[in-house]
Amino acid sequence: MNTYLLEFYVVGLGVIMLLWEAFASPKNKSKLALIGAGGLTIILALLIFGKDSADLNHVPDWLSRFYSTGGHSLFFKGFALVSTILVLLMSYDFRSILNKYTSNNNSSDNTGEFYTLPVFACAGLMWMASATDLVSIFVALELVTITFYVMVAFMRRNVGSLEAGVKYLILGALSTGFLVYGIAWMYGATGTTDLAKISNLELTSSYSLLFGLSLIIISLGFKVGAVPMQLWIPDVYQGAPTPITAFLSIASKAAGFGVAIVILQPFLASDAVSGNVLMILVIMAAATLLYGNLSALAQTNFKRLLAYSSIAHAGFLLLALSVSDFSTVKFYLATYLIMNFAGFFILNLVRVQDGSDEIDAFDGLGMRNPNLALALTITMAAMAGVPLTAGFLGKLFVFQSIVGTLPWIVVVIAFVAAAAGFYYYFKVIRAIYWHKPANEKPLTVPSISKYAIIILTAAIIVVGVYPKAIECLIGG
Amino acid sequence: MLTLALILIPLLATAIIFFGVSVNARKIALGAAVLNIAVAIAAIFTSGFSDFTLNVLSKPNINLALDIHQNGGISVVLLLLSVIVTLAAVLSGTCPKGREKLWYCSALLISAGAIGAFISTDLFFFFAFHELALIPTFLMIGILGRGDRKEVAWKVTVYLAFGSIVLLAGLLMIANQLGSFDMTQLTALSHHQNEIALLLIIGFGTLVSLFPFHSWAAPAYASAPAPVSMLHAGVLKKFGLYGLIVVGYKVVPDGMAHWLPLLLVLLLCNIIWVGLVTINQKRLDLMLGNSSVMHMGYIFLAIAALVDNGSSFATQAAVLLMFAHGISIAMSFCLADRIENKTGSLELNQLGGLAKNAPSLAFLFGLVGMASIGLPGLANFAGEIMVFFSGFEGWKPADDLGPVQIATIIAIWGVVISAVYMLRAFRNIFQGETVSRTEKVKPLSGDDKLPAIILGVILLIVGIYPQSILQFFN
């Protein structure tokens with residue numbers, strides 16, 4: 001099996017779903033989500049079981065300039081597939097809210113595209129993982145971003161969703177502008193857009209190169225939600241449909257880091273510019289950590305809390321990126337996927353049944369559904385970085401690689417940020433157990449969400465105790 | 001494999017209790033606690049089963065490595081302390097109806113975390129297991145605590161999270177310099193000893209309620225349900241002291257020596273300042289909580305002696321006192337809970353004459369009170385006397401008094417302070433005329449007595465024959 005075919009299978013799947021939706025006019029469009037998840041699971045199986053085949057790395061000539069295979073791209077492709085599958089499953093359980101805000105009579109008539117678009121975004125994410133040329137990176141990134149513009153604003157009868165859509169569109173367009181402008185300067189400074197060629201060049205620290213590079217870093221900062229391009233995150237995350245928020249905060253951010261690794265690797269390795277790049281990244285990381293963690297302290301809305309928490313996590317990831325510890329970046333992202341999806345599945349459930357994203361909605365969850373409360377407790381503990389959960393290891397490795405290599409003030413900021421995390425994640429745990437529930441109605445958990453939450457929570461513990469479980473994925 | 005069982009038994013029991021439908025939580029927890037004592041004894045006295053290693057990550061190299069015989073017997077003693085107090089804790093207290101799952105799961109989780117921390121030989125799991133025990137502590141205080149439980153739980157979390165983060169920074173600096181997490185490979189570091197020593201003293205110190213990071217402890221123990229106070233004050237808190245001895249002293253001896261004057265001042269504050277605060281308490285639970293903070297000062301004194309003169313028996317003194325204090329404070333909290341259960345109050349001035357109606361309660365409380373004062377014949381005396389001697393080891397009458405000797409002389413006054421508050425509490429609660437709250441009190445039932453008797457017998461055995469514990473040091 002050839003790796004490069006995977007993206008075509010994904011696009012093919014998306015096209016089939018779209019056509020089937022348009023011409024077969026199924027009564028219940030939410031079934032599309034299950035079809036999409038099933039199809040992507042088959043493609044994921046192809047990726048996993050085809051990993052050892054002989055012609056894995058074969059890329060036809062017309063594509064080879066733009067496309068790389070190998071461990072890095074396989075990891076991020078797998079990441080995109082897993083997260084899209086989970087997003088589609090979450091969308092299925094989100095259908096009642098979606099129907100409410102897309103049509104007058106709570107029917108699923110206008111929702112077909114909502115279950116199809118993530119598949120196209122997935123293809124874009126997978127291309128991003130393999131892109132080796134600034135131009136192909138740009139094209140893949142746009143495929144993802146434009147798909148997201150639609151998905152974020154999909155609940156068109158909901159003001160929040162529309163507001164989120166507009167904000168994301170305007171700021172996204174701005175960041176696209178930065179990226180294109182940066183690529184142009186980069187081309188002017190180096191004479192090529194091929195990153196493999198750039199890494200072979202003897203780079204000199206010219207203003208044009210640094211200017212182009214900083215523009216590119218800024219636009220990557222938009223993708224991953226780093227200061228100073230983090231302003232869109234809280235509002236867009238809060239307004240977007242919950243599964244799309246999860247998609248944005250996990251898959252889109254991870255792809256951003258995947259691309260950042262590919263783009264920045266040659267520059268971090270070059271003597272001439274590595275000092276400047278390092279400084280920019282470390283300052284961004286420190287600012288991101290402070291902004292994300294300190295703003296999260298005051299949040300009362302769980303979705304917004306997760307938004308700020310995703311900024312905070314981006315800060316840790318940037319630290320690992322700045323010291324060129326790419327395996328830690330991947331490890332952190334893998335644990336981030338597990339615990340964030342667990343959090344979003346539970347939020348999604350509460351949102352659908354109680355109609356609220358506020359932390360108050362979780363009051364007394366310990367009484368209403370003890371098992372779900374346990375799952376959320378484990379998830380929040382993992383995000384805070386309590387040992388023996390997946391979240392601790394990521395932070396531990398980041399600390400380990402920055403202690404002694406980065407200035408002590410940055411290390412102190414990172415530790416303060418981690419400590420602040422305890423405060424706001426434990427606020428949710430407090431709500432679960434200490435507060436009286438507003439309504440005593442027990443929460444019922446639909447079976448898809450149930451199994452997803454069980455598997456993800458178990459994975460948090462298993463990875464936390466036995467991290468070798470995902471080590472093979474990162475090495476492979 | 002037996003060592004792994006020590007952790008797995010409470011964890012499995014927790015899982016069974018939590019997910020089980022219509023299970024008898026108390027019986028399962030009891031079974032797990034008894035089984036764990038048996039396994040611990042088997043692991044201690046048989047050879048060949050005592051270590052376990054599982055590689056969980058190859059880069060960086062992290063192992064789930066357990067060995068009870070490391071550290072020349074320290075782990076064995078603390079393991080014994082953990083399993084004994086666990087059994088007593090499961091037997092103690094009155095679980096509110098409908099909360100059995102939370103109650104017994106928390107006790108077992110704290111126990112599993114403490115045992116794991118004491119027998120791990122990998123810095124990663126050493127740290128991680130301790131943290132595991134903090135979450136149920138937090139939940140239990142917040143949900144089932146008394147008084148101002150939410151505020152207290154929050155305060156505990158903030159303090160302990162702060163301590164843990166500082167500690168983590170110190171441990172990472174150690175691991176980075178040594179290039180491994182393996183605790184059997186710890187050697188003195190060549191760089192940054194002073195900085196790391198300070199991080200460790202603050203980090204471990206906060207977890208052990210070293211002055212001025214002690215103010216979480218008394219309210220926490222006063223508010224927590226009895227099993228949690230017993231397990232935390234009795235067992236889990238020893239983690240910080242254990243860490244200072246087996247990690248701190250090994251990797252940063254010079255750094256610890258650098259901060260010795262500071263440590264001496266802080267530990268004297270623990271003994272004298274907190275001792276005076278203890279005298280001033282009006283409630284029995286707050287008094288016991290503060291007394292436990294105060295007694296930590298003696299163990300810090302043993303560590304100071306170890307750092308100062310490399311005393312040959314300071315470690316044994318510290319560990320013996322940790323054991324004795326663990327048993328006695330657990331017994332105190334167990335009995336305080338019974339007093340509150342019988343009379344509905346722990347205010348010292350609302351009680352009196354309790355000995356008339358509950359003589360066995362008075363006897364047991366008297367016993368543990370004497371033990372914590374340091375009366376000869378009870379375990380704490382053996383520990384305290386060794387601590388005081390270790391401060392003077394190698395000192396000759398012709399020498400001037402060094403800082404550690406002066407600190408020891410001041411610390412001995414702590415015994416007087418203990419006597420003042422303990423005897424006064426005993427008199428107020430048990431002697432004199434009965435008051436309205438104590439008139440109709442029924443004597444202790446067999447179930448009520450059992451955990452206290454177990455702990456009391458151990459206090460006596462170790463007090464009369466300290467070698468029963470000291471034999472584990474080789």
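How many residues does the contact take from chain B and how many from chain A?

Author: This is a predicted model, in which local features need pLDDT of at least 70 and side-chain atom pairs count only at pLDDT 80 or more, while totals for chains, interfaces and linings use all residues. Residues are numbered from 1 along each chain as its sequence is written, and chains are lettered from A and ligands numbered from 1 in the order in which they are written.

The contact takes 22 residues from chain B and 21 residues from chain A; two residues are in contact if their C-beta atoms, placed from the backbone, lie within 7 Å. On the side of chain B that touches chain A, strand S1 (51-57), helix H5 (123-144) and helix H6 (149-178) of chain B each supply at least two residues. Helices (H or I, at least four residues) and strands (E, at least two) are DSSP runs, numbered from the N terminus. H6(B) provides the largest share of this side, ten residues. By class, the side of chain B that touches chain A has 16 nonpolar, four polar and two charged residues. Here Ala, Val, Leu, Ile, Met, Phe, Trp, Tyr, Cys and Pro count as nonpolar, Asp, Glu, Lys and Arg as charged, and the others, Gly among them, as polar.

The domain assignment, automatic or from a database, gives domain 1 (1-258) and domain 2 (259-474) of chain B. Their C-alpha centres lie 22 Å apart, and 44 residues of domain 1 of chain B are in contact with 44 residues of domain 2 of chain B. Several helices of chain B each supply at least two residues of the side of domain 1 that touches domain 2, including helix H3 (74-91), helix H7 (193-207) and helix H10 (238-251). H3(B) gives the most to that side, with eleven residues. The side of domain 1 of chain B that touches domain 2 of chain B has 32 nonpolar, eleven polar and one charged residues.

In chain A, one residue may be considered in its setting. A:Ala286 lies in helix H13 (residues 271-296) of chain A. A:Ala286 counts as buried because it has 24 C-beta neighbours inside 10 Å, the cut-offs being 20 or more for buried, 12 or fewer for exposed, and partly exposed in between. Leaving aside neighbours within four places in sequence, A:Ala286 is in contact with A:Val410 and A:Ile413. A:Ala286 and A:Ile413 are 127 residues apart in sequence and 6.7 Å apart in space, C-alpha to C-alpha.
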